[in-house]
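Please look through the sequence and the model below with care, and keep both in view while reading the points that follow. The briefing moves from one topic to the next, and each point can be checked by finding the named residues in the structure.

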Amino acid sequence: RASLLHTLPLQGSEFDGAQDHNLTLMVAEVGRRMHHVPEALYLWRKAPGSTAGNPESKRYAAEAGKRAVRAHLQRLGVKAQVGDDISPFTYRVVYEVAGNPLVSLVTVADGRDSLERWVRSFLQISAHDAKEAIIVADGRRSPAEMACLERLAASDARIRLICPAEPFESSAAAWNRGAAEAAGSYLLFADNALEAVDPAWLGELLGICQQKGVGAVAPLAVHPDGSFCDAGMTVSEEGPVPINHGLSKGFRRWLCRRNWQALSGTCLMTPAEVLRKVGGFDEGFVGAGFVFDYCLKLCEAGYRLVSAPDIEVLHYALPLFQDGAAVQDRTAAIADRGLMLTRWGKVLGARDPFYNDRLFRR
């Protein structure tokens with residue numbers, strides 16, 4: 001609307017080369033609603049010397065873009081550092097963590113040897129210092145496994161071992177029990193086959209999770225061969241569909257932070273207050289569908305789900321979701337799908353607002 005544009009300040013020359021980007025950010029701050037038309041309506045011309053043909057031809061435009069993002073964050077009162085991401089004209093925002101909140105890792109012991117490596121890397125490599133690890137192990141663990149877990153817990157006061165006598169009916173029940181025992185204001189639910197390799201990763205993830213309106217955030221889980229677990233999830237009538245699953249790190253340049261309708265449970269951070277507000281994880285799901293259900297509850301409540309592919313963790317196991325079903329338990333996935341359709345049938349049958357219809361399998 002022209003009336004909206006007339007309320008905005010005139011742009012300065014410091015934004016030359018990124019004036020459209022700067023204008024979009026200013027409009028987003030005051031506009032009631034932004035809508036993306038999911039169609040290719042024009043082609044970007046490649047003129048000699050243009051950035052379309054050679055991004056380095058107008059390096060000043062990239063610098064102007066960073067200034068536009070910095071100015072946007074300053075106007076919003078958000079403290080952050082803005083740098084270059086790996087693709088031209090994309091920018092990496094590192095939010096300043098407010099205070100020193102405790103982050104509680106919640107992970108479930110399932111007999112795999114990788115758990116100790118994950119817990120130790122979380123506690124020792126991650127630079128954010130306010131953290132604890134909650135390991136949930138039920139009555140199905142053997143005496144030898146329990147002895148190993150007890151030794152691990154005794155080695156660090158920040159590790160707590162939760163050992164109910166009875167087996168959990170579902171993974172959701174295990175996560176709920178871990179959340180109930182956690183003291184952190186932010187909870188990190190994760191598979192136990194991960195490894196933290198970048199000291200900054202936890203603080204950067206926390207900085208995103210602290211932003212207003214964020215209900216959950218997930219890093220990029222990368223397998224040892226360089227392939228991705230996923231970078232967000234879209235929805236279909238079949239359930240959750242992982243995006244960019246199996247792509248190699250060569251495709252990382254095409255990924256950027258963005259909102260999704262769902263995230264996988266491979267590594268998921270959420271504010272403890274938000275988890276309580278939406279009622280925790282639904283234990284009616286016998287498989288991994290409870291994570292997808294939680295994401296849809298967050299969306300319904302108006303929260304944003306953020307995939308942050310510029311923040312990486314190593315993942316030594318199969319992804320939690322594959323082809324819309326849990327790899328670990330196909331039977332449970334079928335049962336979960338019935339409950340999912342009953343509860344979220346209208347959502348699954350509608351267009352995903354965060355995914356382009358043209359990219360769906362036909």
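In this predicted model, Phe281 has a relative accessibility of 3%, and because buried means under 20% relative accessible area, Phe281 counts as buried. Phe281 and Phe290 have ring centres 5.5 Å apart and planes at 80°, and since planes over 60 degrees apart count as edge-to-face, this pair is edge-to-face. Like Phe281, Phe290 is buried.

**Aromatic rings**

- Nine aromatic pairs are counted in the model, and in one of them the rings of Phe189 and Phe281 have their centres 4.9 Å apart with their planes at 90°, so that this pair, too, is edge-to-face.
- Ring pairs join Trp175, Phe189, Phe281, Phe290 and Tyr294 into a cluster.

**Helix H6 and what covers it**

- Helix H6 covers residues 171-181, and its buried residues are Ala172, Ala173, Ala174, Trp175, Asn176, Gly178 and Ala179; of these, Trp175 is also a member of the ring cluster.

**Charges over rings**

- Arg117 lies over the face of Tyr316, at 3.7 Å from the centre of the ring.
- Arg258 has its charged end over the ring of Trp260, and the distance to the centre of that ring is 3.7 Å.

**The cavity**

- The structure holds one cavity of 30 Å³ or more, and the volume of the largest cavity is about 40 Å³.
- The residues that line the largest cavity are Ala218, Pro219, Ala221, Cys229, Asp230, Ser264, Thr266 and Cys267.
- Sorted by class, this lining is made up of five nonpolar residues, two polar residues and one charged residue.
- Strand E8 (residues 214-222) gives the largest share of the lining of the largest cavity, with three residues.

**Asp16 in its loop**

- Asp16 is found in the loop that runs between helix H1 (2-5) and helix H2 (19-30), and because its relative accessible area is 43%, Asp16 is partly exposed.
- Once the neighbours within four places in sequence are left aside, Asp16 is in contact with Tyr60, Ala61 and Ala64.
- From Asp16 to Asn192 the separation is 176 residues in sequence and 48 Å in space, taken from C-alpha to C-alpha.

**The backbone at Phe89**

- Most residues other than glycine have a negative phi.
- Phe89, which is a residue other than glycine, has a positive phi, with a value near 65°.
- Phe89 is found in the loop between strand E1 (80-84) and strand E2 (91-95).
- Is Phe89 buried or partly exposed? Phe89 has a relative accessibility of 31%, so that it counts as partly exposed.

Conventions
Residues numbered from 1 in each chain as written. Predicted model: local features only at pLDDT ≥ 70, side-chain atom pairs only at ≥ 80, totals over all residues. Heavy atoms only, no water. 1 Å grid on protein atoms, 1.4 Å probe; cavity = no way out; pocket = protein on both sides within 12 Å on 5 of 7 lines; lining within 4 Å. Points joined across faces, edges and corners; volume = space filled by probe spheres on them. Helix = DSSP H or I, 4+ residues; strand = E, 2+ residues; numbered from the N terminus. Nonpolar A, V, L, I, M, F, W, Y, C, P; charged D, E, K, R; others polar. Buried < 20%, exposed > 50% of the residue type's maximum accessible area, 1.4 Å probe, protein only. Phe/Tyr/Trp six-rings, centres within 6.5 Å; stacked < 30°, edge-to-face > 60°. Lys NZ or Arg CZ within 6 Å of the ring centre and 35° of its normal. Contact = heavy atoms within 4.5 Å.
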